[in-house]
Structure formats: structure tokens, C-alpha cells
Amino acid sequence: MTDGTVPKPEWKRCTGLPSAGPGTSQARYRCATLKVPLDYADSASGTIDLALLKIPATDTGRRIGSLLFNFGGPGGDGVDTLAQAASEYTSLNTRYDLIGFDPRGVGRSAPVTCVDDRTMDQITAEDDTPDTTAEEAAYLARRASFAKACETGSGKLLPHVGTLSAARDLDAIRAAVGDPKLNYFGISYGTWLGGNYAHQMPGNVGRAVLDGAVDTRLNTADLGLQQAAGFQHALLDFGAACARLGAKSCPLGADGRAVAATTGKILAGLDRRPLTTTAGRRLTQSLGDTGVAAALYTRQAWPYLAQGLVDAVKRRDGSLLLMLADLQNGRKPGGAYDNLTAANTAITCADGTDRYTIADVRRLMPEFREASPVFGPSMAWGLLQCTGWPVKGDDAARLVSAPAAAPILVVGNTGDPATPYAWASALVKSLGGGAALLTLKGEGHGAYDTGNACVRRAVDAYLLEGTLPAKGATCD
């Protein structure tokens with residue numbers, strides 16, 4: 001598929017896209033599908049269709065080529081996300097065709113299918129911090145049942161949804177749109193995918209930006225521990241900002257630590273007594289944890305988090321926190337789920353051989369609690385995500401060394417909860433060669449999408465003009 005034989009996509013008017021932001025017209029958008037092998041090592045395996053969205057460059061006389069996006073996950077879609085977020089990349093759209101794609105196993109691209117929407121409601125609400133032997137048994141049974149359902153629904157697909165194959169898909173898309181090099185913008189998990197692409201095909205790397213970097217050298221437990229600490233740090237920052245508003249607006253504590261402690265108490269209380277909501281569903285501890293964590297991804301969500309916590313304390317109403325959890329879990333207002341959870345599990349488990357036991361969870365629990373009293377316990381139990389999964393996994397997906405590739409720009413945010421800042425410098429080191437680091441001293445997941453003008457100027461200068469920021473460049 002990378003030898004020049006890739007067919008050109010047949011671009012057509014898009015249908016079924018979510019609404020774009022105010023003032024954004026989707027009339028220029030074009031959609032297509034691209035056939036790629038299910039198994040790149042077996043030409044007889046058949047093909048799957050990748051869903052693509054293209055937003056053509058507006059300055060056709062100065063067009064550079066295509067810029068492919070992966071917005072993260074793993075398991076996040078690219079077609080709907082780019083359709084909704086295109087206004088964030090207007091400057092890049094002047095000289096690039098912006099291309100979003102649903103990675104294999106995701107959204108419109110041969111989606112991994114596991115359980116129905118009603119079962120997903122049960123899974124997302126059930127206790128993910130078991131306290132007794134009976135609760136532990138129930139937790140393991142849910143994990144096993146979910147894995148079995150995924151194998152039943154998508155068994156043929158599961159061995160082939162990992163990053164190793166997705167990186168090959170990137171190259172197939174590059175060839176299909178006629179670009180000699182891959183110009184790429186990866187966010188969060190997209191940095192892992194972009195790094196592995198550079199490792200597999202260093203000579204095909206064009207201008208690549210990796211924002212919200214993942215340190216792929218870490219094992220799953222260390223990734224989880226550092227991420228738990230990242231979310232705790234973000235919660236303290238949120239708490240400090242909330243406390244500065246005063247007791248009337250933020251009756252949760254006098255400083256960041258107090259607000260974080262209050263948040264922990266609210267969430268712990270949900271284990272015994274879930275809150276009612278206007279949606280008719282209960283806010284359980286696991287949904288509350290998810291809702292709070294979701295709001296820490298962007299500073300713009302902090303007011304909703306503050307109000308949601310106040311509602312929980314003052315009115316015994318969990319509606320706002322449930323709404324935040326639903327957004328994070330991929331639950332639409334009508335009750336239908338996207339396949340984010342299924343795809344996330346399938347891709348994660350395909351990308352490594354780490355498999356943990358209850359004994360491992362118990363052994364590591366003190367470290368997770370120390371890293372985050374609020375989020376640590378659920379993240380420790382999350383280590384069992386791939387236990388009993390029907391696919392062994394391949395650690396080669398973690399390889400990102402690419403010293404021979406063209407310079408890659410890595411961007412890190414010091415307040416990032418999901419991909420801690422230390423991972424950005426670690427990825428630069430792992431990539432080697434001419435990889436460069438740009439630092440944002442800010443809050444939220446990723447840097448470019450915070451809207452910081454300094455970051456946008458630096459990233460745009462690289463993608464549009466090929467100019468890397470100076471060594472040690474920092475934005476406030």
C-alpha cells in the first residue's frame with residue numbers, strides 16, 4: 001500500500017457530520033473512504049475502509065500539501081472532531097488541506113464493537129474502586145464479560161487495530177493524497193502514533209508536530225502513576241483558582257488543597273450514596289470521578305466543575321457532573337455511545353504486553369494513593385484493563401526512535417493533567433535527531449488548542465514556513 005499503488009480517494013460532499021462552530025461553513029468539506037489491508041503482513045486478509053475528511057486549502061497558489069490530524073485517545077475519531085474544530089486551525093488551512101481520519105477500529109473506520117448502549121450505561125456507572133472481595137469479584141467479572149463481548153463482536157479485527165498498523169495507514173493516506181512526505185499534527189495519543197510512524201518510516205516524515213506528548217518508554221503502571229499525579233496537580237491548580245473567587249462563589253475550601261480534599265470527600269461519598277440527576281440516572285462514584293477528571297482537561301471547563309461540585313454539596317444534584325462524565329465517556333444526549341471505550345481498550349491492549357493482576361493492584365495501590373488521593377485508586381484498578389484480553393499485544397508499538405527523520409516539533413504544557421510535561425522532554429530524547437521542544441507554562445491538556453497566541457505562532461511558523469522555535473523556547 002506504500003509503493004505507489006494506492007488508489008486516489010473519491011472525494012464527495014459529506015453527509016452526517018456534526019454541526020460546526022458558529023460562523024463555520026461545511027460547504028467546502030469533502031469526505032471519502034480509503035481501502036487499506038486488514039493485515040499488512042497478509043495480503044489475503046482482506047481490506048477495511050478508513051473514513052476521511054478533507055478541508056481544502058484556501059490559498060491554493062501557496063498550498064504546501066495535506067496536514068493529517070490525530071486528536072488522541074486512543075479511540076478518538078478524527079472526522080467528526082475536525083469537522084467541529086476546524087476553526088481552530090484556520091491559519092494552517094490557508095496552505096494545507098486539513099485531513100481528519102477515523103483510525104482503524106474507530107468511528108466510521110471498521111469500528112470495534114463490544115456491547116450495547118444499555119450495557120455501557122451499566123459499565124460506566126458501576127464501582128471502579130472495589131473495597132470488598134465481593135466487589136473485586138464483580139469488577140473482574142465485568143472486565144471479563146466486556147473482553148468476551150469484544151471478541152465476539154470484533155474478534156477478527158482486534159489483532160490489527162494497534163498503532164503499528166495505524167502508522168502504516170498514515171502512510172497509505174499520505175500516498176493516496178499524493179504527498180511525498182507526511183505532514184502531521186498529533187495530539188496526546190496522536191504523539192505516540194506520530195512517533196511510531198517516524199520510527200517505521202523516518203524517510204517519509206515531513207513537518208510533524210506532536211502536542212501533549214506521551215513517554216512510550218514507560219510501562220503501563222508508570223504511565224498510570226505519573227498520569228494520576230498529573231490529574232492531582234491539575235485538581236490543586238483548579239482548587240486554587242476556585243478558592244481565589246471567595247467563599248460565596250466557591251464554598252469548597254480556602255485554598256487549593258482544601259478544595260481538592262473537599263472534592264475527594266464528595267466523590268468518596270458517592271460510593272455510599274449516589275446523587276440523583278435531572279437525566280433520571282444516578283451519579284455514582286465512578287461517574288463522578290470521570291466527570292471531575294474530564295473538566296480538568298481544559299481550563300474553560302473549570303467553571304462547570306466548580307458549579308457541579310457546589311450543586312453536589314448544596315443541592316444533592318449530580319446533573320452537571322454527570323453531563324461532564326457523559327462527554328468523556330462518549331455518551332450522546334439520546335443515550336447512544338460512540339465506540340471510544342471499545343476502541344480505546346482494543347488499541348491499548350494491542351500496543352503492549354503488560355498484563356496485571358489483582359496482586360499487582362494491591363501492591364501498587366499505596367503508590368497510586370500517594371500520587372493522587374482522589375484519582376489514584378480508580379487508576380490503579382484501571383491497570384486491569386487488558387487482563388484477560390484475547391490479543392497478546394506487541395511492544396514494538398512503543399518504539400519511537402527516529403534520529404534520521406526530519407526535525408519534529410514536540411510541544412508540552414506544564415499544567416497538563418493527562419500527559420504530564422515531563423513526557424514531552426522524554427519524547428524529544430526518544431525521537432533523537434533534530435527533535436525540538438516548545439514549552440507552554442499553562443493549564444489543560446495539550447498546548448495549541450488552549451488558544452495561547454505564542455504557541456500558535458511558533459507551531460504555525462514551523463508548519464507553514466519550516467522554522468523551528470529556538471532551543472528552550474517557552475510560552476506563558
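Analyst: Buried means under 20% relative accessible area, exposed over 50%, and partly exposed in between, with a 1.4 Å probe and protein chains only. Helices (H or I, at least four residues) and strands (E, at least two) are DSSP runs, numbered from the N terminus. This is a predicted model, where local features need pLDDT of at least 70, side-chain atom pairs count only at pLDDT 80 or more, and totals for chains, interfaces and linings use all residues. Residues are numbered from 1 along each chain as its sequence is written, and side-chain values use heavy atoms, leaving out hydrogens and water.

User: What makes helix α9 (residues 285-295) mostly covered?

Analyst: Ten of its eleven residues are buried. Among them are L287, G288, D289 and V292. The cover includes α3 (117-125), α7 (220-243), α8 (256-272), α10 (302-314), α11 (319-329) and α14 (376-381), with contact meaning heavy atoms within 4.5 Å.

User: Why is the pair F69 and F185 called stacked?

Analyst: Rings of Phe, Tyr and Trp (its six-membered ring) pair if their centres lie within 6.5 Å; planes under 30 degrees apart count as stacked, over 60 as edge-to-face and the rest as tilted. By this rule there are eleven aromatic pairs. F69 and F185 sit 5.4 Å centre to centre with 15° between the planes, hence stacked. F69 is in strand β4 (residues 65-70) and F185 in strand β6 (residues 182-187), so the pair ties together parts 116 residues apart in sequence.

User: How do you know whether F69 is buried or exposed?

Analyst: F69 has 0% relative accessibility, so it counts as buried. F185 is buried too, because its relative accessible area is 0%.

User: What makes Y89 and Y448 a stacked pair?

Analyst: Their ring centres are 5.7 Å apart and the planes are at 10°, so stacked it is. Y89 is in the loop between α1 (79-85) and α2 (90-93), and Y448 in the loop between β9 (436-443) and α16 (453-465), 359 residues apart. Both Y89 and Y448 are buried. Ring pairs link F69, F71, Y89, F185 and Y448 into a cluster.

User: Which residues line the largest cavity, and how do they divide into nonpolar, polar and charged?

Analyst: The lining is L182, Y184, G194, Y197, A198, V205, A208 and I408. Ala, Val, Leu, Ile, Met, Phe, Trp, Tyr, Cys and Pro count as nonpolar, Asp, Glu, Lys and Arg as charged, and the others, Gly among them, as polar. That gives seven nonpolar, one polar and no charged. The largest share, three residues, comes from α6.

Key:
1 Å grid on protein atoms, 1.4 Å probe; cavity = no way out; pocket = protein on both sides within 12 Å on 5 of 7 lines; lining within 4 Å.
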